[in-house]
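Welcome! Take a look at the sequence and the 3D view below, and then let us walk through them together.

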Amino acid sequence: PEPIHVNRRLRAVLTFADGATEDWSPLGPENSGKLINMLYARSFKYEHSLLSPRVGYLYVPLCDFLTRQVQADGRKLHSIVYFRDFQTVNPMGSAEVYTEMKSVAFYRFDAVKRVGAEIPLTPVPANGGRQPAGTPRS
């Protein structure tokens, strides 16, 4: 068998009417408990589907879900941007197990107009291009 050589995760950045932002991601493997682990398996399958080619029809239902979650808290959502975070798994025996994590924005949803569109793919560092704390600016 030939295992997948890329770790990938879905992440969304929610931008609110007041300009505040918040990261959202599906359940992750860092959670524990039998129920959470069962839900994670289902969540992972859905996440894997969202990150696969030609599944744009799945983007809006997740945007609708996130919008409902935010509205339940009484907050006004402005937009959602989906990111594909990924890293390559290096061959056995390599000095590094993984490559650096990268991130690609691939879908933007305007929550006010309820319209979304795919974004042309351009890889950026997973930290969104922000410099790590304590790093001098050039």
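This is a predicted model: local features need pLDDT of at least 70, side-chain atom pairs count only at pLDDT 80 or more; totals for chains, interfaces and linings use all residues.

## The overall layout

The protein chain has a mean pLDDT of 77, and 70% of its residues reach 70 or more. Which elements have the lowest and the highest mean pLDDT? Strand E6 (residues 124-125) has the lowest, at 59, while strand E2 (residues 21-24) has the highest, at 92. In residues 130-138 the pLDDT is below 50. Beyond near neighbours in sequence, that stretch makes 4 contacts in the model.

How much of the protein chain is buried? Of its 138 residues, 29% count as buried.

Now consider contacts between residues at least 6 apart in sequence: 49% of them join residues at least 24 apart.

## A stop at Arg8

Let us zoom in on one residue. Arg8 sits in strand E1, which covers residues 6-16. Why does Arg8 count as partly exposed? Its relative accessibility is 24%, and partly exposed is the class between buried, under 20%, and exposed, over 50%.

Arg8 also shows how the sequence and the fold can be compared. Arg8 and Phe86 are 78 residues apart in sequence, yet their C-alpha atoms are 4.1 Å apart in space.

Terms used
Residues are numbered from 1 along each chain as its sequence is written. Side-chain values use heavy atoms; hydrogens and water are left out. Helices (H or I, at least four residues) and strands (E, at least two) are DSSP runs, numbered from the N terminus. Buried means under 20% relative accessible area, exposed over 50%, partly exposed in between (1.4 Å probe, protein chains only). Contact means heavy atoms within 4.5 Å. pLDDT is the predictor's confidence in each residue, from 0 to 100.
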